[in-house]
Amino acid sequence: MRRLMSFGWAYGGGIDPEDFYVVDVRQIPNVNFLTPRLRKSHVLSNPFAQSVISLADLVPNVAVGCSFGKHRSVIIVEEIARQLRAKGEEVEVIHRDRDK
């Protein structure tokens, strides 16, 4: 089973690099001011986000962190999960800080 996690750096990294390949996506412009639909298209059209999504094919477990773990990292993790499930893979998704 593949494991994917979104988290917010503001709440501390605390992700064990032995368990997850950790990616910092704070360089993608913040989207919290956009509507949910626009957030998703804005994040997923970013070239760096696309490289993170592609990376998921190479490593078993990925943790994606943005500032507060509520928008950019969640959108990217959900897209990775969607693509992996479409390939028939079993995926566990953890949104560590989304509801804080």
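User: What is the order of the strands in the open sheet of four strands?

Analyst: This is a predicted model, in which local features need pLDDT of at least 70, side-chain atom pairs count only at pLDDT 80 or more, and totals for chains, interfaces and linings use all residues. Residues are numbered from 1 along each chain as its sequence is written, and side-chain values use heavy atoms, with hydrogens and water left out. Helices (H or I, at least four residues) and strands (E, at least two) are DSSP runs numbered from the N terminus, and two strands pair if DSSP finds at least two bridges between them. With parallel pairing, the four strands of the open sheet have the order β2-β3-β1-β4.

User: Which strands stand at the edges, and why is one side of each left without a neighbour in the sheet?

Analyst: Each edge strand has a single partner strand, so one of its sides has no neighbour in the sheet; the strands concerned are β2 and β4 (91-95).

The twist from one strand to the next averages 15 degrees.

User: How many bridges join β2 to β3?

Analyst: Within these bridges, Val-22 has Ala-63 of β3 as its partner, while Asp-24 has Gly-65 of β3. Strand β2 (residues 21-24) and β3 run parallel, and the number of bridges joining them is four.

User: Over how many bridges do β1 and β3 pair?

Analyst: Gly-8 has Cys-66 as its bridge partner in β3. Strand β1 (residues 2-8) pairs with β3 in the parallel sense, and the number of bridges is six.

User: How many residues of strand β3 are buried?

Analyst: Buried means under 20% relative accessible area, exposed over 50%, and partly exposed in between (1.4 Å probe, protein chains only). Strand β3 (residues 61-66) is largely enclosed by the rest of the structure, because the count of its buried residues is six of the six.

User: At about what angle to β2 does helix α2 run?

Analyst: Axes are lines fitted to C-alpha atoms, for helices over the stretch in contact (heavy atoms within 4.5 Å), and angles run from 0 to 180 degrees between N-to-C directions. Helix α2 (residues 47-55) lies across β2 and β3, and its angle to β2 is about 175 degrees.

User: Which residue's backbone oxygen does the side chain of Arg-39 reach at 3.0 Å?

Analyst: Arg-39 sits in helix α1 (residues 36-44) and is buried, with a relative accessible area of 18%. Beyond its neighbours within four places in sequence, Arg-39 has contacts that include Val-31, Asn-32 and His-71. The backbone oxygen that its side chain reaches at 3.0 Å belongs to Asn-32.

Methods:
A polar contact is a pair of N or O atoms within 3.5 Å; within protein, one must be able to donate a hydrogen and the other to accept it, and residues adjacent in sequence count only if both atoms are side-chain atoms.
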